[in-house]
Amino acid sequence: MGVALTRAAQWTSAGSGTGKLEITPLNESLLNEIIKFTENFSSKHPQEAAFVFKEPLEWRTQLEPSAFESGYEVSAKTVRSHETYKDGQPLLLLTGSTIKVRSFAQLSRLLYVAAEKRLKEAQACLEVNRDPIVKVLGPGYGTIEGEDMTMLRLLDNVKKDDAADNEIKMKISLLLQQLDMQLLNSSLKQISQEVRLTPVAVKNEVELLKRFSGARDDAVLESLEYTSDYEFSNGCRAPPWRQVHGEICYLVIKPRDTDAMYVTCSTAGVFLNGGREKERDEINYERKSDIYKDLVTFLRERSPTFVENMAKQEYTFFDEPKHEKHYQHVEVVEADEYGQPQKFYDYSEKNVFEKPKSPLVKSKLTDSKKLESSMKWKSMSGSQVGKAAKREKEEKESKLITPEGKKKLSTSSSPSSKRKISLKVEDISESSSESEEDEEQPDRHQEINTDLPSEYWQIQKLVKYIKAGNQTATVIALCSMRDFNLYQETCQLAIRDVGGLEVLINLLDTEEIKCKIGSLKILKEVSQNAQIRRTIADLGGLQIMVKILDSVDKDLKCLAAETIANVARFKRAQRTVRQHGGIKKLVGLLDCRTMGSSHATPLQGKDIEVARCGALALWSCSKSARNKEAIRKAGGIPLLAQLLKSPHSNMLIPVVGTLQECASEPSYRIAIKNEKMIENLVKNLNSDNVELQMHCASAIFKCAEDQETRDLVRQHGGLKPLATMLANSDKKELLAAVTGAIWKCAISEENVTKFREYKAIEALVGLLTDQPEEVLVNVVGALGECCQEPANRTIIRKCGGIPSLVALLTGTNQALLVNVTKAVGACAVEPENMQIIDRLDGVRLLWSLLKNPHVDVQASAAWAICPCIENAKDAGEMVRSFVGGLELIVNLLKSDNKEVLASVCAAITNIAKDEENLAVITDHGVVPLLSKLANTNNDRLRRHLADAISRCCMWGKNRVAFGNTKAVAPLVHYLKSTDPAVHRATAQALYQLSEDPKNCITMHENGVVKLLLGMAGSTDETLQEAAAGCIANIRRLALATEKAKYG
C-alpha cells in the first residue's frame, strides 16, 4: 500500500507541514479500492484478520462514541473493544477524537460503523499513516526505493521456531503487495485519461472568456469574476488551507440563461461548489457536481446559450477533425511552473464533447505565458491574420499521419518561427543567477541557395518522412539519417531548420524502443553543436532524457546519459538536470559491481557501459557547485571511488574528470582522502592515456593543499611520474595539471627533497619561457616553494632561472605576480642571487608592484623586498634612489588588509636600518601610522609592527612621539600572546621605548614588570636581554624619582 500512496496518490502541501490527500477522482478511486479490500478482509482471510499489529494505526476520527454498538464497551467519551491483546489492551480504543486500531478485523468493523463517513475515515487514516505496513508488520517491512529484500528475510524467518507467526506475516505482506499492484494499475489507467490544471492555465482561460463576456447579445457569458482579488506568489487565489487540497481559485460565473454559479478550479479540474453562505459570508467549499477538465467543458454542460454564442464567435476552442481516417496534432503549451506538466487525453471523454476527438500530441513549446491553453484561433485581427491562417494550414497538412502512426504518439514539430518566440520568452524568464551564461545565438536560417550541399536537402526530406510516416518508415528514416556525417555543421543545421529537433525529442516520449534509440543516437551526435544544445534544452529535451534514465533498457539509458553529457555543458541545462531529479538517477547508474574484472561477460560489459555513460553525464553536470553537492548527497563519492579501481581507461577518464571537477569543494577533498582514492590517482599517473594522466594530475593539484594528502602522494610513488611528465612541454593542458600538482606537493619539505633527486627543479626552470600563463603560474609557484631550501636556490641560479623570474615581474596576471614575487624574494636570500636581481633592476620592479591594485600582489611584493634590502650591497642608497618609493611604502600603512600591513611593517623594519632612510620615513609620518595599528589581535601583524616600532625609536624624538600617540600601552598587552616571536619583538620595542621616562610610567601602570620578569629568565638570549633592559630602565627611573623626592 505504501508504494501506491507514494507514487500514485496525489498529495499536496501549502507552505509547511505534512501533505494531505487531494480531493480528486483518482484519490477517491484509490480510497474506495482500499476500503473494499479492508471490508472483505475478515471474511476472506479470517486468520490474518485476527493478527495483532506491531503498532496501532492512530488518527483523528469524526465518529462519535454513540455510533458503536455490540462488541464494544461505550462510555461518554471513550470506546473500548471487547477483543483484547495478551496484555489486556483493547484492539480498538477511541479516546476523545483519537482512535487506535490494532487488527484488520477491527478495521473492517470500523468501516461498517462509519457507513457514509468511511471515505473520510480512510482518508484521515492514510494521511497520518503514509506507510501502514510499517505499523502492521514492523519497520523491516517498510516501503523502500530500489531492491526490496523483505521477502527473502521472511523466508529465512519461516525456517526458525516461530514459523507460525512468520507465515501469517508473509501472507499479509503478499496480500498488501497484491493490493499495491492493483492500486498502481488502476491509477495508471485513470492518470492516462486525466488532466491536471495549473494556476497559469486557469488564469489564461479566465482571461480569454472575460474577453467574450459582457452585456452584448452575442457574449458567451454575462460576467465572470474571481471571489478574491489577492493572488499568491504561486498564482493561486484560494486561501492556503484550501491550497492544501489542490484548489487554485473560486469564480462567480453568470451565464446568460441560468443563475450565477460558484465554481472551484482545482488541480483535478473544475466543479460546482456550495456557493457563498449568507450567514458567515464564506464559501462553502464542498463539491456539488462532477469534475470537468476545464472551464469551457464545464460551461458547455451547464449553459446551452454558452454553446450557441460560442459558435458565433470568430474562433474555435478545439480543432475539428476533417477526415475520419486521419489524426491531427494540436499543440498545447506546457505549464510546468506549478510543479507538474500539463497532461493530455482523448477528447472523446463523456464530459468533454459528444463527438469523438483525436488524441492530442505534445509539442514542446516553452512559452507558458501565451494564451494558447489548448485553443486554436481561426482568425486574428490586424496583419497577423494571413500569416496565422497560412501557418495553421501548413501545420495541419504536415501533421497528418496514418492510423498506424498513432502508436508513435507524438512526432509533430513546430515551425521555426514558433521556436524563436519560445526562445525569447525563455530568455526573458531566465533567472538572474544565470546572467553569466553566454547569450543565445540567434537562429541561422539558410536561405534557398543552390550552393547548399545535397545532404542539406536530403536530411530535410528524411525529417518530413519521420513526421508523416508510420513506425516502420520512421525507423528507416532514422537509420538513413545516421548515414550522414552528423558532426558536420551543415547536417546539424538542416535538422534544426526544418524542425527536426522537435520531432526527435517528441519521439523520446513514444513507447517504441527502436524509435527512441534512433532518436537518441542522432541527438547525441548533433548535440556537439552549442546552438543545438541550447535548442534541445529550450524544447524540454533534458526532462524527457532524465525520465529515460529509469528505463529497463540499458542501451536507452546509455544513450540518454551520453546525450545529457553533451547538452549539459551550460549552466541552465545543468540546473534543469538537477531540478528534475537527474543527479540522483545518474549517480544510480554508477552502481556497477563487476568493475574489478578485466574480462567481463557481454552482460557485465553492458553494466560497465551504463556506469561509464553515467559518469560522463555527471562530469558535465559537476561544473555547477549545487550539482556537486547533489552528487555528494546522492551517495556518488563511494561509487566513484569504486569505479576508480577499474582497469578500463575509457571508464576512468570521466570518473577522474568528475572527481577533479568536484575536488574544488573541501568536502570532496576530505572524501577523496578518506576513501583512499589518492593511491588510484597516483597509479593512473603511469597510464599511457594522456587525458587520464591530465585529470589525475589535476585532481592531485586540487587535493594536495592538505598535508596528509601530500604525504600519501609521496608514499604511493606519485612524485616521480609527475617529475617525468614535465618533459611533455608540447602538451599544454597536461603540463598545466602536472605543474599544478608539483606546486602543491612541494609545500612539504620531504617532497621538495624528492623533486631535487628527480631533477624536477631543472625541468621547471626550463619551463619559465614560452609557456602560457596557466602553466607559468604553476611553474613559478612550484619554484617558490622549492626555493625555501638553499640547495635549490643555487640550482635555480646555475640553470639561469633568475633572469627569467625577474622578467616575469613585468606581467599583469595577478596569480602569476603573487607567485613570482614570492620566488624572487626566496632567491634573494642568497647574496649571489641578489647581485643578479639587483643588476637586472629587480628590486625596482618589486617596488613598482606596491602600486598594484590587488592587495595580494602588494603584500607579496613587500615580503619580497625584505630579503632584497637585507642582502643588497649599499641597500640604503638603493632604496633612496627609488623616487617616491619611501613615501609609497609608508602610505601603505593606511591599508585595511592585515597581510599588507604585516608585510609593509617588515619592510619598514629593514628600511629603518639605514639612518637616512629612517629620517625620511619619519618625515613622511611613519610614527603616527604605526601607532594607529597598535590595537590589533593579529599576532603576525603584532610581531612585525613591534619590530618596526623598535627600529623607528632610534631616530630623534620618535620614542617620545610613540608615547604621545599612545602606542605603548597596547604593546604591553602583546606580551600576553602565546607566540614567542611576538614576545621577542615586543620586548625589544619596549626596551627602546623605556629610554623615555613617560613611557616607563605608562608601562608600569599597565603591569609590564610582572610580565617581563618571567621573560627575563627565558632561554632566548635576545628576549632575555630586552626584558632585563626594560626592567632596568624602569627601576632606574624609580630610584631617580625616590632620590629626587627624599634627597
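Five strands, paired in an antiparallel way, make up an open sheet whose order is 3-7-6-5-4, where strands (E, at least two residues) and helices (H or I, at least four) are DSSP runs numbered from the N terminus, and two strands pair if DSSP finds at least two bridges between them. Strand 3 and strand 4 (72-74) stand at the edges with a single partner strand each, so one side of each has no neighbour in the sheet. This is a predicted model, in which local features need pLDDT of at least 70 and side-chain atom pairs count only at pLDDT 80 or more, while totals for chains, interfaces and linings use all residues. Residues are numbered from 1 along each chain as its sequence is written, and side-chain values use heavy atoms, with hydrogens and water left out.

Strand 3 and strand 7 (residues 98-101) run antiparallel and are joined by 4 bridges; R60 has T98 in strand 7 as its bridge partner. Helix 4 packs on this sheet, touching strand 3, strand 4, strand 5 (78-81), strand 6 (92-95) and strand 7, and its direction makes about 135° with that of strand 7. Contact here means heavy atoms within 4.5 Å, and angles run from 0 to 180 degrees between N-to-C directions, with axes fitted to C-alpha atoms, for helices over the stretch in contact.

Another open sheet has 4 strands in the order 8-9-10-11, again with antiparallel pairing. Strand 8 (223-226) and strand 11 (269-272) stand at its edges, each with a single partner strand, so one side of each is left without a neighbour in the sheet. Strand 9 (residues 247-254) and strand 10 (residues 261-266) are joined by 6 bridges, and Y250 stands opposite T264 in strand 10. Helix 9 packs on this sheet, touching strand 8, strand 9 and strand 10, its direction making about 145° with that of strand 8, while helix 11 touches strand 9, strand 10 and strand 11, its direction making about 150° with that of strand 10.

These two helices also meet each other: the axes of helix 9 (residues 199-211) and helix 11 (residues 295-302) come within 10 Å and cross at roughly 50°. Helix 9 and helix 11 are therefore oblique to each other, a word for angles that are not under 35 degrees (roughly parallel), over 145 (roughly antiparallel) or 65 to 115 (roughly perpendicular). Their contact is made by E205, V206 and L209 of helix 9 together with L295, V296 and L299 of helix 11.
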